Amino acid sequence: MVIFSTPRSRAECETLDASDPLRAVRDRFALPDGVIYLDGHSLGPATHAALARVEQAARREWAEGLIRSWNTAGWIDLPRGVGAKIARLIGVDSGDVLVTDSVSVNLFKLAAACLPVARSRTLIVEASEFPTDQYIAEGLAGIAGAGLMRVGENEGLDALTRTGGVLIRSVVNYRAAHVLDVAASERAAWAAGGLIVWDLSHATGVLDLKLAADGARIATGCTYKFLNGGPGAPAFVYVRGDLAEQLVSPISGWFGHADPFAFEPGYVARQGVARFAAGTPGVLSLAALDAALDAFDGHALSTLQDKARALGELIIARADALGLDVMSPREAALRGGHVSLRHAQGYAIVQALIAHGIIPDFRAPDAMRFGVAPLYVRFADVWDAMDQLADILGTRAWDRPEFHARAKVT
Ligand SMILES: *Cc1c(COP(=O)(O)O)cnc(C)c1O
């Protein structure tokens, strides 16, 4: 059944919004009035539930419960409990996901653990990959004395097939939102004796991911983007159950110990993915994420994906009408949860949009990214944003000194 189509007028947008099975979810978000938020691929907005939960975790559990709350408020179980919620969103067993650390740190731990298991001690990363993924591969290769292969865009799998090494690869590319075929990649990796550490940062919460069915074995991903966990919310780690015992985390911290409160001198790793924990978890951030994830309850991932694709089609149709350069794949099945438009003045144009209450983002050197998070973005929002973009381009409203001044974070 096709629920979402591509509207051709604002009235059609309103009709689609009125029959959107996700329309009520938007009310869960504390979005400011007068803002059209198209940056959920960078920082998801707050939910009312997450705000209330942080308040409770701080005032009641911390201030009143004090140290007792590790047990009485279940703090100690949050990394696995929140992991179980994320498991549904990536299509894996609920016990195979742990929430811990940042994506960068998890990439380091996972790739290091994979090196002794893969057929060759070679780290592979594409030059189009998100910078931290490249930096971690470079740094780890140096420390571990492993080979480093930096290859061009879409050449990673080929290099993996030749070497049987460890490939760090995003499912959705951060710049133009290209999607890689997980199942086909895993088949190739398997045949070569290599391993893929998947980075799901731009994919989780917007794609109908089926990692287990696709044969994926190892992954990490971000929770402050489409999962709306809040700024700096901890990332997640997935390791397929049967593989975990073969993997040794290079950071043997006490939270990854089989019995952390036995206070034994020697290290014994925990069973399963929990061995990738290192130190004490950030409880306030975990609490926010735990509550934020409830916004996904009751909605099929396929519905989220269909809506994101339809919103993306609308952006592309309107960008085409404006003669803009579309960087993202036109085929919806090959595109993640944002659409990127290339423009030499992209930075200034994005600043002008923000001044009008429309918030996309910009990635150097020339990509304007428009995120289409299906839980709260409406078709009419996209329509209005594209009207505004047309106006800013037509009147050259972006060409003001304040819109050219680069901030620290873009
Ligand atoms: C956002 C993002 C990250 C973030 O890494 P952190 O270490 O959590 O800051 C990593 N990789 C990709 C592909 C991302 O999109």
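# Strands, rings and salt bridges

Visitor: Trp-62, buried or exposed?

Guide: Trp-62 counts as exposed, because its relative accessibility is 52%. Exposed means over 50% relative accessible area, buried under 20%, and partly exposed in between, with a 1.4 Å probe and protein chains only.

Visitor: What kind of model is this?

Guide: It is a predicted model: local features need pLDDT of at least 70, side-chain atom pairs count only at pLDDT 80 or more, and totals for chains, interfaces and linings use all residues. Residues are numbered from 1 along each chain as its sequence is written, and side-chain values use heavy atoms, with hydrogens and water left out.

Visitor: Back to Trp-62. Where is the place of Trp-62?

Guide: Trp-62 lies in helix α2, residues 48-64. Helices (H or I, at least four residues) and strands (E, at least two) are DSSP runs, numbered from the N terminus.

Visitor: Which residues make the nonpolar surface patch?

Guide: Trp-62, Leu-66, Ile-67 and Leu-284 make a patch of about 450 Å². Patch residues have over 30% relative accessible area and no salt bridge; nonpolar side chains (Val, Leu, Ile, Met, Phe, Trp, Tyr) are joined within 5 Å, like charges within 9 Å. The areas come from the Shrake-Rupley method with a 1.4 Å probe, and for residues only the protein chains shown count as cover.

Visitor: Change of topic. How many residues of strand β6 are buried?

Guide: Five of the five residues in β6 (195-199) are buried. Leu-195, Val-197 and Asp-199 are on one side, Ile-196 and Trp-198 on the other, and both faces are covered.

Visitor: Why two sets of side chains?

Guide: In a regular strand, side chains alternate between the two faces of the sheet.

Visitor: In what sense do β5 and β6 pair?

Guide: β5 (residues 166-170) and β6 pair in the parallel sense, over five bridges. Two strands pair if DSSP finds at least two bridges between them. Ile-168 has Val-197 in β6 as its bridge partner. From β5 the chain passes through helix α8 (residues 182-192) to β6, and this β-α-β crossover is right-handed. That term applies if, with the strands pointing away from the viewer, the path from the first strand over the helix to the second runs clockwise.

Visitor: How many bridges join β6 to β7?

Guide: Three bridges join β6 to β7 (residues 218-221), and the two strands run parallel. Asp-199 stands opposite Thr-220 in β7.

Visitor: What is the order of the open sheet of four strands?

Guide: The order is β9-β10-β13-β12, with antiparallel pairing. β9 (325-326) and β12 (361-363) stand at the edges with a single partner strand each, so one side of each has no neighbour in the sheet. Five bridges join β10 (residues 338-342) to β13 (residues 367-371); there, Val-339 has Phe-370 as its bridge partner.

Visitor: Now rings. How many aromatic pairs?

Guide: Nine. Trp-254 and Phe-255 have ring centres 5.0 Å apart and planes at 90°, so this pair is edge-to-face. Trp-254 and Phe-263 are tilted, at 6.0 Å centre to centre and 50° between the planes. Rings of Phe, Tyr and Trp (its six-membered ring) pair if their centres lie within 6.5 Å; planes under 30 degrees apart are stacked, over 60 edge-to-face, the rest tilted.

Visitor: What about Glu-313 and Arg-335?

Guide: Glu-313 and Arg-335 form a salt bridge, 3.0 Å between the closest N and O atoms. Glu-313 is in helix α11 and Arg-335 in the loop between β9 and β10, 22 residues apart. Glu-313 is partly exposed at 25%, whereas Arg-335 is buried at 1%.

Technical notes
A salt bridge is a side-chain nitrogen of Lys or Arg within 4 Å of a carboxyl oxygen of Asp or Glu.
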